[in-house]
Amino acid sequence: MSTKISLSRYLVEQQRVDGLIPAQLRLLLEVVARACKSISHAVNKGALGGVLGSAETENVQGEVQKKLDIIANEVLIEANEWGGHLAAMASEEMDGIYMVPNRYPQGEYLLLFDPLDGSSNIDVNVSIGTIFSVLKKSEGSGHGVSEQDFLQAGNRQVAAGYCIYGPQTTLVLTVGDGVAMFTLDREQGSFVLVQEHVRVPADTKEFAINMSNMRHWAPPVRRYVDECLAGKDGPRGKDFNMRWIASMVADVHRILTRGGIFMYPWDQREPNKPGKLRLMYEANPMGWLVEQAGGAATNGKQRILDIQPTQLHERVSVILGSKNEVERVTGYHTQT
Ligand code: AHG
Ligand code: MN
Ligand code: MN
């Protein structure tokens, strides 16, 4: 690429040339990117910045919070609350919604995030990330904002993305016109476009699932993985490779880069829970990104983006990635 295109320029062009994004949404995305840059600096400092280890508190899902979970949450709130583009925010790390304080102007957008995804990898220096989803307050929902305003299906997202903090810090974004990737140039201090029109190949020989849960899986998932493991001599007639990073951002980033299938399915450990991952700030944004890149995302029965949420922190079974593989696993679910 001869001319470097910054995220700011990319967004201005999406607004001006393609009329895809209103100015307020552009501002919102710039602010999210700035917050991610700041989280990236904190992540990079690690022990030197005193950011590793547990905060010894629990979030609404009963998970012990790491110091960086809390730091990243605060960075995102502080960056976004005063710009006038948001009505409210919701986060994995907060029980209820966070309303923009009265002293600031209110906008019409709703921002949801998983401030730090892959928390178990923070202290071991493995890739982690921030996932975000943007919705618009429905017209006619009146003044003020409530949790109800957030309960929109993923197909109503107006922007979604993640920032991965790995060997490179890369922000991956969709506003409904394909997927673009921007890597942080630390000398310039800005995100620079490195790939546009990201495509996920329809076929793959790589799957990602936490195999330690195998004995708890439902028969369709077991069948799919058993067939992959049987390799060249089995029904698939080819050998498969396996990866599991335990950071959804890192697993999805690999899939957007070279294909693959990612699964965190329902299992029998807690039969009343639909899955481990959260619909509104993990599965929806990742599902939309993967679809925008030509892949697919289902819960085994239904397209993730068509699920009508009933709770902010609701969980969901996730199967996403290369289209033909996702369709195969989904097909196994409907046959049983
Ligand atoms: P979070 O750190 O935001 O709670 O999310 C962790 C998620 C996801 O990133 C990853 O795919 C999965 O949990 C890993 O779970 P296991 O440790 O059960 O493999
Ligand atoms: Mn997460
Ligand atoms: Mn998290």
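Modeller: What follows covers the domains, their interface and then the metal ions.

This is a predicted model.

Start with the extent of the interface. On the domain 1 side, 50 residues are in contact with 32 residues of domain 2. About 2,900 Å² is buried between domain 1 and domain 2. Carbon and sulfur atoms give 63% of that area. Within domain 1, the residues that lose the most area to domain 2 are Ile131, Leu151 and Tyr162. Together these three make up 19% of what the domain 1 side buries.

Next, the polar side of the interface. The rule finds 20 residue pairs in polar contact across domain 1 and domain 2, with both residues at pLDDT 80 or more. It also finds two salt bridges across this interface. Separately, a salt bridge joins the side chains of arginine 278 and glutamate 63, with N to O at 3.2 Å.

Now the elements and residue classes on the domain 1 side. Several elements each supply at least two residues to the side that touches domain 2. Among them are strand 3 (86–91), strand 5 (109–117) and strand 6 (128–136). Helix 4 (147–150) belongs to that list too, as do strand 7 (159–165), strand 8 (169–174) and strand 9 (179–185). Strand 6 provides the largest share, seven residues. By class, this side of domain 1 has 24 nonpolar, 19 polar and seven charged residues.

Last, the metal ions. The manganese ion (ligand 2) is coordinated by Asp114 (OD), Asp117 (OD) and Glu282 (OE). Those distances run from 1.9 to 2.1 Å. In sequence, the donor residues of the manganese ion (ligand 2) are spaced D-x2-D-x164-E.

The manganese ion (ligand 3) has Glu92 (OE), Asp114 (OD) and Leu116 (O) as its protein donors. They lie 2.2 to 2.3 Å from the manganese ion (ligand 3). Along the chain, the spacing of these donors is E-x21-D-x1-L.

Terms used:
Residues are numbered from 1 along each chain as its sequence is written. Chains are lettered from A and ligands numbered from 1 in the order in which they are written. This is a predicted model: local features need pLDDT of at least 70, side-chain atom pairs count only at pLDDT 80 or more; totals for chains, interfaces and linings use all residues. Side-chain values use heavy atoms; hydrogens and water are left out. Contact means heavy atoms within 4.5 Å. Buried area is the accessible area (1.4 Å probe) that two parts lose on being put together, summed over both. A salt bridge is a side-chain nitrogen of Lys or Arg within 4 Å of a carboxyl oxygen of Asp or Glu. A polar contact is a pair of N or O atoms within 3.5 Å; within protein, one must be able to donate a hydrogen and the other to accept it, and residues adjacent in sequence count only if both atoms are side-chain atoms. Helices (H or I, at least four residues) and strands (E, at least two) are DSSP runs, numbered from the N terminus. Ala, Val, Leu, Ile, Met, Phe, Trp, Tyr, Cys and Pro count as nonpolar, Asp, Glu, Lys and Arg as charged, and the others, Gly among them, as polar. Donors are N, O and S atoms within 2.8 Å of the metal (3.2 Å for Na, K and Ca); water is not among the atoms, so sites may look incomplete.
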